[in-house]
Structure formats: C-alpha cells, structure tokens
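Here is a friendly walk through one protein model, a few spots at a time. Keep the structure open and follow along.

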Amino acid sequence: LRKRLHNSSFLQVTATPYSLYLQPDSYHHRINGDSEFKPIKPAFTVLVPVHSEYIGGEFYFRDSEDESSIAYHLFREVPEDELGILRKPDRRSFKLEECLTSSRVSILREAIVSFLVGACIRRLQAREAKEIEKKFSFIIHTEQSKECHEWQCRVVSEIKERLAYESFKDTKLFREMIEKSYSNLKLSIDLAGQSAPHIDDVLREVRNALELDYLMVTVVNSEKDVNELLDERGQLKLRTPLNIFIGGQILDRGITINNLIGFYYGRNPKVFQQDTVLQHSRMYGARPLRDLVVTRFYTTRRIYNVMKNIHEFDEALREAFERGGHDNGVIFIQRDAEDRIVPCSPNKLLLSDTTTLRPSSRHVPVGFSVKSKADLSGPVSFVDSVVKRYMGSMHTKESPFLMELDDAVQIIQAVSAMFRDGHGWDVGAYIASMEYFSRLTTDPRYAGRVWAIVRSGREAQRFKADGRFENSPDSQEERELARKVACELPALILLRQNGDVSKGWTGHPFWWPVLVVPSKARTVIFSRDHSID
C-alpha cells in the first residue's frame, strides 16, 4: 500500500512494545554467535509516561513477594480442581446446596466473601471521611461458553442467597467467614498504615448489604448483553453497590469496569498469547491505594507463573527501550533438539515456557517437596563428594571459588533428583542459563566455569508463617556476595539444608541451589526447544 502512494506517513501506537520483536527472522543479525534483536525497529519510538496511580505487573508479580508491601497478600491460589467444578454441574463431585461448606469451591467462596467485606470496608471508610460511597465490582473469568457462565452464575447466586440466610440467622458460620476475610484484608490495611473499621461495624454493614440485596450477579457473554449494560461513557454500568460480573470473551478487552477490587481468573489455554492474557483479567490500570489494600487476585499457580513470566519479559524489553534501544538489544536463545544452546527467533516463542534472565537476577526453585531418605541419600552423597573435592575439608570454606561448569551441571541434575515429581522447577532452563553465561565470557581464565558459594547446616522452613512457600533460602549477606563476584560469570549458591521434619521436610538433608546472573550480562529471553510459529 505504501509503495503505491506518492507520499505516505505511518504511525504505530501500541501498548505492547514487545510486539516489535514479533517480526521475520530476516531482520536480525548475530553478535557473538547469538541472535540479538534491537528494541527499536521503527524510525523512532516514544515511551508514554506512566500515570502516577497506574498499577501494573510490578505490583502484582514483584511487590507481591515483598512481605512489607501491601501487595504481599494479593494473590490467592485456586486449585485446578475448583476450575473443573465450575465448568458444569456434576453432583457426584459438588452439590450446590453445600456451597458454603464444600471444600470443592472454597476459594471461590472466599473470593466472594472477601469482595463483600472489602467493599463494605471501603464504603465505611468513605462514609467516615464524608466522601461519596463508591460502587465496587468483581470479575469471574474462567471459561468462554455460555453454559459455563450460567452454571457459575447459579453457584455464585447460591452462595449469595445462603450467605444472606446465615446473616439473617446470625450463625456462627456467618461470623467466622466474615471475620476470617476481615482479618486477611486487615493485614494489607495495616501494611498501608491505614485504619480499618471495627469488625462489629463491618459485620453490620455486610448484613445490611445482604438484606438490601446490594450484591448483584450479572452474566456478560454476548454483544446484546454488553450494549444493555454499558453506560453513556461505554463502561459497564455498576447498578448496585456491589457487582459481580461473570463472562468470557466479551470481558477480554475494550470494556472498562470501574472500581475493580477482585479478580477470579481461570482462562487456561494450551498456548498463552502475551498480548491478551494480561487483559483477560483486567488487572492493570489506575487504582487508588485505599482500593488496592482490599483487592485480591485469584488464579491457579500455573496461570500466575505464566503471567509473571510475561511481566518479566515485558519489563526486560521496556528497560532496553529506556536504556536506548539502538545500542541495547535483548538476546533470544533456546536449547535445540541436539541439546545445543542456539539463537531463537522471538516470533517462535511459547510464552508460557520462557525464562527472563536479567543482570544480577536470582533464580531459585520454590514450592518443591523432597523425596524420602532412601531416595535422597544417593544424590545428596554425590553433591557432598563434588563439593568436598573443591573445598578440601567438608563445608568450611566461606569464600567463593571457581567450579567447572560440568561439575555444576551435574550438581543441579543431582539436586533435581532430590525433588519429587511435579515440583514445577524448570531444570532444563536453569542448566541452560548457567551454561550460556558461563561460556559467554571472553576471558580464558573464566570460560566454562561458575562461581560457587557453599553453606551447610541450614534450617530453612518449607513454608513461611503465612503459609506461603519459602523463596529466600539464601541470606542477604550471601546474596550480596554472589552479586559481587558474578560480574562476567554466573554464581551458584549451594545451601545444604538439614531438612528437619519440624521445618516441613522429610527429616533428611538435601541441597537447595540459587543461581545469580552476571551483572555484565545482556538481558536474555530463554525458550525451551518446543517452540511455535
């Protein structure tokens, strides 16, 4: 079209800068044998300033790991089985009349109660501050079919009606459910330095909301439904103080939903498309702090991890833009069928299977369980012997030392054998990342090696006090030491855990590794070998 015009101008506007990577292979060139894609393909690129109240992936996927952040209590894991229950009615696995007590829909029930309590807290706060009391919304988005939406509407409506009955009777069950939700939300309110209404006031407000039928459940799954529900600004109309919207594809994008404080998300395709997944749950946007502290996000661990991968991918590319894209590319690599690390075209990435490796970042397996003593003793003894060969006397050397890459790879393989199946740790990506950075250096003294830091006698818990998996087995001092030495080579922190039963383990020692990316490395997007067009 442009060739047929005498004069033309083309302006591309996109909220997804990574889309500039999804171009034909012929546009890349090689540096040091790797495919490096420059972030700026057009003639110029201008990054739009971020709104001061904008909440994006950093809040959901980075701040949520910080115990001092209000985002720490944001994510609640949904069991895969619960999504199955919400696809269609099946009385063999779930009876509708048991919706307030059945473990099969425990997180959905928790989500609805939390939304109810959170919205009432916000309305009480506004009333006290003599502000306008806002109407709030909650999204349930797990399936595309109308049959699923109708079933989910039945389940949610039943939970609502039975909650109203329990409220009217002032039962112990009702009080326990409200108090549990209140206690969880108050954790975030306290972290924000705000004051929460008294529990008695919240209980009274929740009862009032249920008695006056403030909670409306609406299915949105056709163009006709949307047109009927939109206000004059093209936003979903919030008809009552509390609104739950259940839908699928219509809710994906293009519709603004105000005052969202709850997301129950379960769209689980075989292939995740980066530009749509983050819009499905409608998580991002300008959100006031007081709403954020009562916001909760419900999804499966697998979907959450995919979203986190996408955020890290997006953030790495945006940083390349900010540093000056003409001079700062991002490397795309993968391991091929012949077990080689080779350049990878970004338009063949399977986004659920990517690992973003940024300078000085840490990579640590989380959420695993270890095997029994009989299965642990072999791989543990192997790692012990390799470490002893380097250190002389067992586990006494505090300083970092250089370890041959082959030995480091065998150690990680042995560590993997200590964990039970289904641990979710991408061992292949872990090893490939270590190999890639180890061989990237041009200094012959360091090529094919990694820095190793070994500690023993560790007593890490499997779970934190709040029930989450421990994700920081290394100390701040060890982290800083690893980042200090990991300039051109990666650093591997090897922590020998005692594995006591009282700490949530099986009562036998095991090793827990932490990989630190070199500070001088370019950002790398690693993809496994099963890529797609």
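## Starting with a helix pair

Let's begin with a contact between two helices. On the H11 side, the residues involved are Leu-376, Pro-379, Val-380, Phe-382, Val-383, Val-386, Arg-389 and Tyr-390. They meet Asp-407, Gln-410, Ile-411, Ala-414, Ala-417 and Met-418 of H12. Contact here means heavy atoms within 4.5 Å. Sorted by class, this contact has 11 nonpolar, 1 polar and 2 charged residues. For those classes, Ala, Val, Leu, Ile, Met, Phe, Trp, Tyr, Cys and Pro count as nonpolar, Asp, Glu, Lys and Arg as charged, and the others, Gly among them, as polar.

H11 covers residues 373-391 and H12 covers residues 405-418; their axes are 8 Å apart and the packing angle is about 155 degrees. H11 is therefore roughly antiparallel to H12. The crossing of the two is left-handed. Axes are lines fitted to C-alpha atoms, for helices over the stretch in contact, and angles run from 0 to 180 degrees between N-to-C directions. Angles under 35 degrees count as roughly parallel, over 145 as roughly antiparallel, 65 to 115 as roughly perpendicular and the rest as oblique. A crossing is left-handed if the near helix is turned anticlockwise from the far one by less than a right angle, and right-handed if clockwise.

## What you're looking at

This is a predicted model, where local features need pLDDT of at least 70 and side-chain atom pairs count only at pLDDT 80 or more, while totals for chains, interfaces and linings use all residues. Residues are numbered from 1 along each chain as its sequence is written, and side-chain values use heavy atoms, with hydrogens and water left out.

Stepping back, the protein chain has 14 helices and 19 strands. Helices (H or I, at least four residues) and strands (E, at least two) are DSSP runs, numbered from the N terminus. Of the 533 residues in the chain, 53% are buried. Buried means under 20% relative accessible area, exposed over 50%, and partly exposed in between (1.4 Å probe, protein chains only). Take the contacts between residues at least 6 apart in sequence: 76% of them join residues at least 24 apart.

## H6 and its two partners

Helix H6 (residues 199-211) packs with helix H5 (residues 172-191): their axes come within 11 Å and cross at roughly 120 degrees. H5 and H6 are therefore oblique to each other, and their crossing is right-handed. From H5 come Phe-174, Arg-175, Ile-178, Glu-179 and Tyr-182, while H6 brings Ile-199, Asp-200, Val-202, Leu-203, Val-206, Arg-207 and Leu-210. That contact has 8 nonpolar, no polar and 4 charged residues.

How far apart are the axes of H3 and H6? They are 9 Å apart, and the two helices pack at an angle of about 110 degrees. H3 is therefore roughly perpendicular to H6. H3 contributes Leu-116, Val-117, Cys-120, Ile-121, Arg-123, Leu-124 and Arg-127, and H6 contributes Asp-201, Val-202, Glu-205, Val-206, Ala-209 and Leu-210. Here the count is 9 nonpolar, no polar and 4 charged residues.

Leu-215 sits in strand E6 (residues 215-220) and is buried, at 3% relative accessibility. Beyond its neighbours within four places in sequence, it is in contact with Phe-115, Lys-160, Ala-209, Leu-242 and Ile-244.

Leu-100 is in the loop between helix H2 (80-85) and H3. With a relative accessible area of 8%, Leu-100 is buried too. Its C-alpha atom is 8.8 Å from that of Leu-173, which is 73 residues away along the chain. Pro-509, in the loop between strand E17 (491-497) and strand E18 (510-516), is buried at 19%. Its contacts, leaving aside neighbours within four places in sequence, include Leu-376 and Val-380, both of which also take part in the contact of H11 with H12.

Is Lys-130 buried or exposed? It counts as exposed, at 75% relative accessibility. Lys-130 belongs to the loop between helix H3 (106-128) and strand E5 (136-141), and its phi is near 60 degrees, a positive value in a residue other than glycine.

Ser-360 isn't a glycine either, yet its phi is positive at about 70 degrees. Look for Ser-360 in the loop between strand E13 (354-357) and strand E14 (362-363).
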